Amino acid sequence: MTLDILICTIDKGIEKVPGMLMPPMDGVKYVVSMQWTDERWKERVPKMLEEREDVKLTFLEGKGLSKNRNHAIECATGDVVVIADDDNRYTAEFVQTIFEAYKEHPEADVIHFQALCMEGTYLHPYPADYVSSVEMTFRREVKVRFDERFGLGSEKLCAGEEQVWMKDARVAGDQILYVPKPIVMTPAGTTGRQFLRNKKLQMSKGATFKYVYGTSNAIWRTMKEARWWMVHRGTNPLPILYNMLKGMVEV
């Protein structure tokens with residue numbers, strides 16, 4: 001079995017990628033997909049990435065994290081792929097966890113795991129009703145791709161691409177498994193702190209609710225979300241409700 005770690009980055013982010021690389025390991029390669037908004041950023045690619053035989057460096061013009069991830073998937077050759085951001089950290093133990101899970105569960109097409117913060121604490125409580133992208137792995141033969149309407153850099157919806165992908169995988173009949181073991185270290189998330197001041201994030205949550213749960217369930221969840229912010233944060237729920245419903249119109 002072989003494993004490709006798919007590292008998606010844009011512009012200056014390419015300078016962080018060398019810090020992600022482990023010593024060469026049998027069966028493990030990296031696909032680095034660099035989006036660029038100006039050709040001059042391509043001149044900033046660290047030489048290490050061009051010299052390592054286990055690194056495949058590829059370029060993509062423009063923005064859109066989901067588009068970049070789809071590009072990286074198309075460039076992969078490993079049996080299993082791991083979704084990675086440019087600030088993650090991996091260890092040989094993490095990689096072994098992934099290999100063992102797929103060997104023990106040949107029926108699984110998709111396996112999602114756990115993530116740790118850099119301090120060693122869990123990224124969020126487990127089990128959870130959502131999946132972070134860095135917790136996701138799947139066999140390369142899986143045909144599902146990221147919906148490019150969602151995710152950072154997209155025109156209107158800046159989040160939710162992981163939940164949309166998982167919904168599409170379930171609809172496609174892929175066998176999905178959760179293994180409660182960590183496979184990555186990543187900086188602590190900031191999405192929750194941004195939610196109140198980011199209208200696009202509020203729209204994205206509403207759109208994701210509709211895509212994953214259907215319209216009726218999404219409306220109920222949207223009202224529940226707005227009420228939570230009112231009760232627990234003293235926030236006016238009407239702007240949140242408006243933006244989440246506005247996002248639902250986009251899908």
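**Close-up views of a predicted model**

**View 1. Strand 5 and its paired strands.** Six bridges join strand 5 to strand 7 (residues 176-186), and the two run parallel; strands are DSSP runs of E with at least two residues, and helices runs of H or I with at least four, numbered from the N terminus. Two strands pair if DSSP finds at least two bridges between them. Leucine 116 has methionine 185 as its bridge partner in strand 7. Strand 6 (residues 136-139) is joined to strand 5 by three bridges and runs antiparallel to it, with threonine 137 as the bridge partner of isoleucine 111. Eight of the eight residues of strand 5 (residues 110-117) are buried, so this strand is largely enclosed by the rest of the structure; buried means under 20% relative accessible area (1.4 Å probe, protein chains only).

The model is predicted: local features need pLDDT of at least 70, side-chain atom pairs count only at pLDDT 80 or more, and totals for chains, interfaces and linings use all residues. Residues are numbered from 1 along each chain as its sequence is written, and side-chain values use heavy atoms, with hydrogens and water left out.

**View 2. Surroundings of phenylalanine 138.** Leaving aside neighbours within four places in sequence, phenylalanine 138 is in contact (heavy atoms within 4.5 Å) with Ile73, Asp79, Val80, Val81, Ile83, Tyr102, Asp109, Val110 and Trp165.

**View 3. The largest nonpolar core.** This core, a set of buried Ala, Val, Leu, Ile, Met, Phe, Trp, Tyr and Cys residues joined through side-chain atoms within 4.5 Å, has 52 residues. Those with the most contacts inside it are Ile5, Ile7, Phe138 and Trp165. Another core, of 11 residues, lies apart from it and includes Ala159, Leu201, Phe209 and Ile240.

Technical notes. Buried < 20%, exposed > 50% of the residue type's maximum accessible area, 1.4 Å probe, protein only.
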